[in-house]
Amino acid sequence: MAAGCRDTRIHPRLNWRTEFRDTAVERAYQHSMQSHDACQMRYAMLVCAGLLLTFSVADYHLLGFHDSFTLLLIIRLVVMSACLALAWAVWRRPALSHHATPVNVVCLLAIGGLLVTIPTRPELTGVHLASVVAASMALYLFVPNRWHWILINNTTLGVGFIVAMLLWSPMSGGMMVTILLLLAFLNLLGGSAVTQFNRLRREQFASLVAEREANHRLQAEIEERCQLEGQLRHLAATDDLTGVANRRRFFELAEHELKRAQRDKTPLALCMVDIDLFKRLNDRHGHAMGDLVLASVAACCQTVLRETDIIGRYGGEEFVIALPNADLNTATTIAERLRVAVAELSLPMIEEAASLSVTIGISHVKPGETWLDTAMLRADQALYQGKASGRNCVVVGSWLDHGRHAQREPGQLMLDAAPTTGDDATSIKGLARGLPPALC
Ligand SMILES: Nc1nc2c(ncn2[C@@H]2O[C@H](COP(=O)(O)OP(=O)(O)OP(=O)(O)O)[C@@H](O)[C@H]2O)c(=O)[nH]1
């Protein structure tokens, strides 16, 4: 068979009643079909009631206003009421369409009603046979019922018909055999139609379930991949030792902030933070301890900064911080707070905890600067100025022209004259006021 014509249906395991062998699956199937079956049951009962009413008119024409007509009318009214009652009950409670008792009581009532018409007009063999055929087909195809109940109802109808014919309308042996064969063929047809119908509906259900499961699996896989992708993206953007942004990610975020600052005409400050005499600490306590200190300093910086501030590991024991919406004065205050916080860090693993300190170089992006490089360079220069001036201080780099220290600008803090230390609180105050600060 060509690949395009391959049978892609799912063939579920069914029992002789063409129901799922797995009872849980069958229950799920029945549940999924409930509203459909309830609707079909309602229509079947309403149509049946309508037909009975119509047949009563035909009875009147055939029998006239006679006792047998009255008897028939009463029987038809009883069956009709039962059909209407079932239609109403199923409308109120759709689950009733899958309850054997009410459905079969109405079916047996209808069968009984049909059979009692035979003695009233025994000569109309053909009409009775046609009625039995129509009723049998309705029981097979129109009334949603389980296979074994359909079989029982149809057997009752067939046997009842034969008995009624034998009792009230004797016929030749040949005619009887013909009727028997006809009924047998009718049941064979009805039975195979129901079997195929049940099989097809359950195949469809099984395919739907399989498709849903495949979709769920796919959905779970997509979610897992998204999660993994998120983790990978996080790993690619994070410095795994300190947990802050790595250099590449820092510049991505900082460039973004630079654009925003230019658009909104707001200040953007940069800080370069370097741990003092880190090599000595490494040499004394080993790299593992050095790593711990690095992570602690990064964590300490994060506690001092706002959520909107960006911190990244620039390399080695050096961190870089972007402070959106911060001018030089604000940045100086934050940097000083950061310097003090690191100096006060208590790290039980190193005895020189008290001597742990950082030097911070500060700069800001000036109007007209479209890249971070120049401001970074100024901060770097300020940092080295701080190192040269004895470390553990904050230095503001205000002006750098192509790597050369330029002349002082009125009202600006000079790169080579702005270090502050914990000992020199006045210098930081001076910075904040924009006054020329003292050397540390
Ligand atoms: N433990 C550890 N050490 C690192 C890491 N990256 C760089 N270092 C070390 O950091 C030290 C930096 O030393 P230097 O550049 O001389 O600076 P310093 O000793 O801090 O001196 P100053 O900056 O002048 O105060 C070197 O010994 C590097 O090996 C790291 O990821 N973990």
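**Helix pairs**

I started with helix α5 (residues 125-142) and helix α6 (residues 147-168): their axes cross at roughly 170° and come within 9 Å. This is a predicted model, so I'm reading everything here as such. An angle over 145 degrees counts as roughly antiparallel, and α5 and α6 are therefore roughly antiparallel to each other.

From α5 I noted Val132, Ala135, Ser136, Leu139 and Tyr140, which meet Ile150, Asn153, Asn154, Leu157 and Phe161 of α6. By class, the residues of this α5 with α6 contact come out as seven nonpolar, three polar and no charged.

I get an angle of about 140° here, with the axes 9 Å apart. That angle makes α10 oblique to α11. I also checked the handedness, and α10 passes α11 in a right-handed crossing. On the α10 side the contact uses Val297, Cys300, Cys301 and Val304, and on the α11 side Ile334, Arg337, Leu338, Ala341 and Val342. The tally for the contact of α10 with α11 is eight nonpolar, no polar and one charged.

**Strands**

Then I moved to strand β1 (residues 268-275). How many of its residues are buried? Eight of the eight, so β1 is largely enclosed by the rest of the structure.

Which strands does β1 pair with? One partner is strand β3 (residues 318-324), running antiparallel and joined to β1 by seven bridges. Leu270 has Ala322 as its bridge partner in β3. Strand β4 (residues 358-364) also pairs with β1 in the antiparallel sense, over seven bridges. There I found Cys271 opposite Ile362 of β4.

From β4 I followed the pairing on to β5, where three bridges join the two strands and they run parallel. Ile360 stands opposite Val394 in β5.

Technical notes
Residues numbered from 1 in each chain as written. Predicted model: local features only at pLDDT ≥ 70, side-chain atom pairs only at ≥ 80, totals over all residues. Buried ≥ 20, exposed ≤ 12 C-beta atoms within 10 Å, placed from the backbone. Helix = DSSP H or I, 4+ residues; strand = E, 2+ residues; numbered from the N terminus. Pairing = 2+ DSSP bridges. Axes fitted to C-alpha atoms, helices over the stretch in contact; angles between N-to-C directions. Parallel < 35°, antiparallel > 145°, perpendicular 65-115°, else oblique. Left-handed = near helix turned anticlockwise from the far one by under 90°. Contact = placed C-beta atoms within 7 Å. Nonpolar A, V, L, I, M, F, W, Y, C, P; charged D, E, K, R; others polar.
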